[in-house]
Amino acid sequence: MKLLVISHTEHYKDISGNIVGLASTVTELNHLLDLFDEIYHIGVLYNTPAPGNTLPYQSDKVTFVPIKPSGGKQLKDKLSIVFQAPENLLKVNKYLAKVDCFQFRAPTGMGVYMIPYLSFFTRKRGWFKYAGNWKQESAPKGYALQRWMLKKQSRYVTVNGKWADAPSHCIPFENPSLSIENRCEGEKSLTKKASKKPFNLCFVGRLEDAKGVDKILQAFAELSEEERATFKIHFIGNGAQEETYRQAVKKENLPVTFYGSLPQKEVFEQYKKCDFLLLPSKSEGFPKVIGEAMNFGCIPITSNVSSIGQYVKDGENGFLIAPNTAEELKHIFKRILKAETALLQQMIFANYRLAAKFTYANYIDRIKYELLADSIAG
């Protein structure tokens, strides 16, 4: 069986001229070869240096098909989505003829025309993966339109979380990010977590206010000097506001380390060293970093947005920042300092068990037996 994946996943050429792509998606497709004989991936190719969070495909059974970047904040960037549409549709049509089924990953700029095309102009079996916040109330217009279209068509749509008002074809599906080897590594790192101070807290993602980095630094700065000394914060990622954050850390003399963008293997090594994950985002689907961090014994401290609260229960296996303010985050820091070690370790082991949902093995089984059962049987 052959699969066509259509996405906005960033790809680059490394210094040797090899194609590399965003590590999370590339790793997922590498694992999907356990189910599919061949995969074609239509994704975006950028003419810029490859960042650290990229990987090459591990098999020549994955064929990358490049498309040009389109979309953005300015009017001319938004118009590029329209101008690029004919070329993109021709490529999709060409590769649909080569495969048995497709996966389209939304939301993305080209989703406004690609979802209708795939819904009405092909009879190939397929499904849509909506990776954003399915319940976002003030979603960008393009995202809201794609969500509406996905509700109206009949193919399966995998979404983050379980929602009572979702159509029956929109089903909850965990985002995978863990291999069997990762599970074994994670189990070994659990016993010494949250047992001594200072506690290590990590943030993994884009360094920007939308991800809550400003709240983290503000809350941390408002702790007493004695309280600050019981925490160390590690920021993994890059962003346009990074220099502003570095200056704030320097001004307040905070025990904070910036690592920049790291390969997945090095991110996992940081999880092993840390006790908590920080993620006070304004909006999310269900970030893969939560499942990854849980697997390696990091207790999540996260905003209660989208489906996150369906997995993270405040005071049971993590801490929910609600309301999502710096003041509430500061209060959570103080709660952690008062928490019994036994309670924190109960959270750690509960999270490790929960992280089994985020394995590639579980993901592939669900695709095989829930999404494509008829195709596999036939």
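Tutor: One term before we start: two strands pair if DSSP finds at least two bridges between them. Keep in mind too that this is a predicted model.

Student: Okay, how many bridges join β1 to β2?
Tutor: Three bridges join β1 (residues 2–13) to β2 (residues 19–22), and the two strands run antiparallel. Lys 13, for instance, has Ile 19 in β2 as its bridge partner.

Student: And what about the hairpin of β1 and β2, how many residues sit between the strands?
Tutor: Five residues lie between them, and in that hairpin Gly 17 takes a positive phi near 85°.

Student: Which strand do two bridges join to β2?
Tutor: That's β4 (residues 54–55), again running antiparallel. There, Leu 22 is partnered with Thr 54 in β4.

Student: Switching topic: what's the strand order in the open sheet of six strands?
Tutor: The order is β12-β11-β10-β13-β14-β15, and the pairing is parallel.

Student: Which strands stand at the edges?
Tutor: Those are β12 (256–260) and β15 (319–321). Each has a single partner strand, so one side of each has no neighbour in the sheet.

Student: What does the twist average?
Tutor: From one strand to the next, the twist averages 20°.

Student: Which helices pack on the sheet?
Tutor: Helix α9 (residues 264–273) is one of them, touching β10, β11, β12 and β13 (276–279), and its direction makes about 150° with that of β10. Helix α11 (residues 326–338) packs on the sheet as well, touching β10, β11, β13, β14 (299–303) and β15. The direction of α11 makes about 160° with that of β15.

Student: β11 keeps coming up. How many bridges join it to β10?
Tutor: Six bridges join β10 (residues 199–204) to β11 (residues 231–236), with the strands running parallel. Leu 201 stands opposite Ile 233 in β11, and Cys 202 stands opposite His 234 in β11.

Student: And over how many bridges do β11 and β12 pair?
Tutor: They pair over four bridges, in the parallel sense. His 234 turns up again here, standing opposite Thr 257 in β12.

Student: Why is β11 largely enclosed by the rest of the structure?
Tutor: Because five of the six residues of β11 are buried.

Student: Which strands each supply at least two residues of the lining of the largest cavity?
Tutor: β7 (125–130) and β8 (157–159) do. The lining includes Lys 129, Tyr 130, Thr 158, Val 159 and Tyr 363. By type, the lining residues are five nonpolar, three polar and two charged.

Student: How do the lining residues of the second largest cavity divide?
Tutor: Into four nonpolar, four polar and one charged. Among them are Asn 160, Gly 161, Phe 286, Ser 307 and Tyr 311.

Student: Where is Ser 307 found?
Tutor: Ser 307 is in the loop between β14 and β15.

Student: Is Ser 307 buried or exposed?
Tutor: Ser 307 is buried, with a relative accessible area of 0%. Not counting residues up to four places away in sequence, Ser 307 touches Asn 160, Gly 161, Trp 163, Gly 285 and Phe 286.

Conventions
Residues numbered from 1 in each chain as written. Predicted model: local features only at pLDDT ≥ 70, side-chain atom pairs only at ≥ 80, totals over all residues. Heavy atoms only, no water. 1 Å grid on protein atoms, 1.4 Å probe; cavity = no way out; pocket = protein on both sides within 12 Å on 5 of 7 lines; lining within 4 Å. Nonpolar A, V, L, I, M, F, W, Y, C, P; charged D, E, K, R; others polar. Axes fitted to C-alpha atoms, helices over the stretch in contact; angles between N-to-C directions. Contact = heavy atoms within 4.5 Å. Buried < 20%, exposed > 50% of the residue type's maximum accessible area, 1.4 Å probe, protein only.
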